[in-house]
Protein chains: 2
Amino acid sequence: MTDATLIVAMETHDVRFPTSRYLDGSDAMNPDPDYSAAYVVLRCAGGAEGHGFAFTIGRGNDVQTAAIRTLERFVVGRRPDDLGALYKEMAHDSQLRWLGPEKGVMHMAISAVVNALWDLKAKLEGKPLWRLLGEMEPEEIVSLVDFRYLSDALTPGEALDILRRAEPGRAERIARLTADGYPAYTTSPGWLGYDDDKLRRLCKEAIDDGFTQIKLKVGADLEDDRRRLRIAREVCGPGFRIAIDANQRWDVGSAISWVNALREFDPYWVEEPTSPDDVLGHATIARALAPIKVATGEHVQNRVVFKQMLQAGSLSVVQLDAARVGGVNENIAILLLAAKFGVPVCPHAGGVGLCELVQHLAMFDYVAVSGSTDDRIIEYVGHLHEHFVDPVVIRNGHYQAPAAPGFSAALLPEALAEYAFPGGPAWNGDGSTT
Amino acid sequence: MTDATLIVAMETHDVRFPTSRYLDGSDAMNPDPDYSAAYVVLRCAGGAEGHGFAFTIGRGNDVQTAAIRTLERFVVGRRPDDLGALYKEMAHDSQLRWLGPEKGVMHMAISAVVNALWDLKAKLEGKPLWRLLGEMEPEEIVSLVDFRYLSDALTPGEALDILRRAEPGRAERIARLTADGYPAYTTSPGWLGYDDDKLRRLCKEAIDDGFTQIKLKVGADLEDDRRRLRIAREVCGPGFRIAIDANQRWDVGSAISWVNALREFDPYWVEEPTSPDDVLGHATIARALAPIKVATGEHVQNRVVFKQMLQAGSLSVVQLDAARVGGVNENIAILLLAAKFGVPVCPHAGGVGLCELVQHLAMFDYVAVSGSTDDRIIEYVGHLHEHFVDPVVIRNGHYQAPAAPGFSAALLPEALAEYAFPGGPAWNGDGSTT
């Protein structure tokens, strides 16, 4: 790469959207989130930019932004060429690693920077990220993965075999994605803060819009859940997939009894029934609730926990998150683990820009890893897309394959200004909303 | 409590000791730590102070300090009375919880503040913390614990039973502690950066000082490990307990083969053989290496992971850390879990002030929870104690029971000034060390 690709500056922004005013995003554990992004821009000498972010729900977004700043030393003065090595350098930094290791604020910071590097690299190569990754040689993809702590479940050789098996048909799958897109489900009807009429209306709209699955938040009150599921089932009809999401509300025993009390409404999966750290608890729940599937991942901290969940049979659906684990690189590890264990990946989305990011990962999975969209579907939530330079496009219940170069990660400059916290106009210049 | 106990201010300090100059604390994963504290002081209207900190090893200590600042809203204007409720309020804050949940930077921040509240409360009551806790009613102790995600392994009723069983004999155990102290082992001989002569000399000193166990760092180079263990075994003689510590260096398979290659030196336990997140991996290692014990905990993020490690038989030694999980409250949960599963607790110490803190937790365990010191021993590392107001006192290989009110958490004001980062004299006022 030329001098023009030298990264000369890192810029960060604390961006918060006052979503708590409308109860968008309200669930049993998160009653009043202000969807936020700890946002990073990498600037190259030649003018190219890479954008990335960690998603948070308000308070603490300043801490998350400060964590991103500690990574400046790894990227300024570098080029986005060997992103396998650069990712490992950040994840293995001995002093910063103490703050995790590979979990929480520090790991999400790595995610933001790694994703910004990939946004930059894809822009420099003039391709959308899903296609850049989907056209790489299997050996190059394997070199992006940190196999530390994975070798009892997945070796580099096994990863290479998985990728080589998927090589035939890549071109055909790229063509199919470009024509039809990738299936989506919608969570928009299901927030706890919505009343029954709004729920009914949004269920109807979801069907009309071509979605074949919806998701409802549950876990605050059992009778409410039964009433809302009954409404959703009435509107959607039998056989339509309705997932439920408890956002970690329950202990192991209460997860089992609560979901059993909802069984008559035929939930397709139960998401985040308990602590995302509880591998064994999820396995117990999965055994007790089968054939209802157990899904989790948006708060699963890293590949080591996903590895165990797959080893223990804790889940039937891997819900990777684009910005919780160590970015694109660790998500490739997770896609490979899921492929090894034959478990479908249905990414978590919503938040700020998570839809924009995960579509690339799911499409890469289809093109080059699992080679399938069977039982695979990307979450869709209709919030905040208007603030992005390259917002997702949903047509007939499908994410349309992004064509613009990059990772679709960039917020519009006017959004960065309007929602800057606490100084932006949306916060009255002082962090207040009223 | 009176108006004098109202908390009116929170103050934070980024304190770093340039320990990397001397290779103190060097191990297979952490070659050059600068032992640091993200330090917090709570000030009461009446002048009383509570001190607490998160321990880090250098870079990122500013992020850790910023995370502590987000908790100001929970403590200023409050009194240190119901610390069960106050802890849960911080740990359950829905927006901040997103940054964990209950792990990494945000959880360590909660730990620092919770521990400062306990330091304050113990000072106000005029007792060392171990004694304040050790004299509480079992019901009050149970009220301090967050049982969320624990009920499949430990219920409040079971916790109460454990504490009630230990009630007889509390006074006798307090008397014994006051007379004899609590057994310690030393890690001082075993840092990887020390040469063979220093290792030999420090092993000899450890025995002379009355310690009955030492610990050596391993995992960087197998032949080095064999040479160093041979030296230590020669000096200490057969039967003397020599633990080894890999600081997360290995995958599951390499942990087993590496430790098998050290088996002839009769290691007592192997500590942190792999990722602290790998419950199932530790269980596999424990089965393969028995009767060599597996120990871990200094990086175990919370009670949910400890719960699983106990459920899965992943460890034979629980090494709780005073400032990694949610402070005193979550450590009480961990002590109760360990007692339920009959596994001894041998706290992790060293760092900055961890010896000062964990002695209180181990002594409380002895007085009111497990009621035993069998196979229980506190780590001791001889660094940085001179900077504390109430430093630990080791006599004949035993921690002497602290008598001063509080949690022994306070650094001397001159240490806060000298090692302030980056402005303090130890950092030349600009963060440099040369």
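Start at the boundary between domain 1 of chain A and domain 2 of chain A, where the rule finds two salt bridges. A salt bridge here is a side-chain nitrogen of Lys or Arg within 4 Å of a carboxyl oxygen of Asp or Glu. The model is predicted: local features need pLDDT of at least 70, side-chain atom pairs count only at pLDDT 80 or more, and totals for chains, interfaces and linings use all residues. Residues are numbered from 1 along each chain as its sequence is written, chains are lettered from A and ligands numbered from 1 in the order written, and side-chain values use heavy atoms, without hydrogens or water.

**Stop 1: the two domains of chain A**

Select 3–144 plus 415–427 for domain 1, then 164–407 for domain 2. These bounds come from an automatic or database domain assignment. The domain centres, taken over C-alpha atoms, are 22 Å apart. Domain 1 of chain A brings 50 residues to the contact and domain 2 of chain A brings 52; contact means heavy atoms within 4.5 Å.

The two domains bury about 4200 Å² between them, 64% of it on carbon and sulfur atoms. Buried area is the accessible area (1.4 Å probe) that two parts lose on being put together, summed over both. On the domain 1 side, show A:Ala28, A:Phe53 and A:Trp130: they lose the most area to domain 2, together 17% of what that side buries.

Now pick A:Glu102 and A:Arg303. Their side chains meet in a salt bridge, 2.5 Å from N to O.

**Stop 2: chain A against chain B**

Show both chains. Here 61 residues of chain A are in contact with 61 residues of chain B. About 5100 Å² is buried between the chains, with 54% from carbon and sulfur atoms. Highlight A:Arg59, A:Gln95 and A:Trp98, which supply 20% of the area that chain A buries against chain B, more than any other three residues.

The rule finds six salt bridges across this interface. Zoom in on A:Lys103 and B:Asp277, whose side chains form a salt bridge at 2.8 Å, N to O.

**Stop 3: B:Asp93**

Select B:Asp93, in the loop between helix 3 (83–92) and helix 4 (94–97) of chain B. Helices are DSSP runs (H or I, at least four residues), as strands are (E, at least two), numbered from the N terminus. Buried or exposed is B:Asp93? B:Asp93 is buried, at 9% relative accessibility. Buried means under 20% relative accessible area, exposed over 50%, and partly exposed in between (1.4 Å probe, protein chains only).

A polar atom of the B:Asp93 side chain lies 2.8 Å from the backbone nitrogen of B:Leu96. Beyond neighbours within four places in sequence, B:Asp93 is in contact with A:Arg59, B:Arg73 and B:Phe74.

**Stop 4: salt bridges within a chain**

The whole structure holds 70 salt bridges over all chains. Go to A:Arg227 and A:Asp224, whose closest N and O atoms are 2.8 Å apart. They sit three residues apart in helix 11 (222–236) of chain A, so about one helical turn separates them. A:Arg227 is partly exposed at 34%, and A:Asp224 is partly exposed at 34%.

Next, select B:Glu330 and B:Arg303, a salt bridge with closest N and O atoms 3.1 Å apart. This pair links distant parts of the chain, helix 15 (327–341) and helix 14 (303–311) of chain B, 27 residues apart. B:Glu330 is buried at 1% relative accessible area, and B:Arg303 is buried at 0%.

Finish on A:Lys215, A:Lys217, A:Asp245, A:Glu271 and A:Glu379, which salt bridges with shared partners join into one network.

Definitions and conventions
A polar contact is a pair of N or O atoms within 3.5 Å; within protein, one must be able to donate a hydrogen and the other to accept it, and residues adjacent in sequence count only if both atoms are side-chain atoms.
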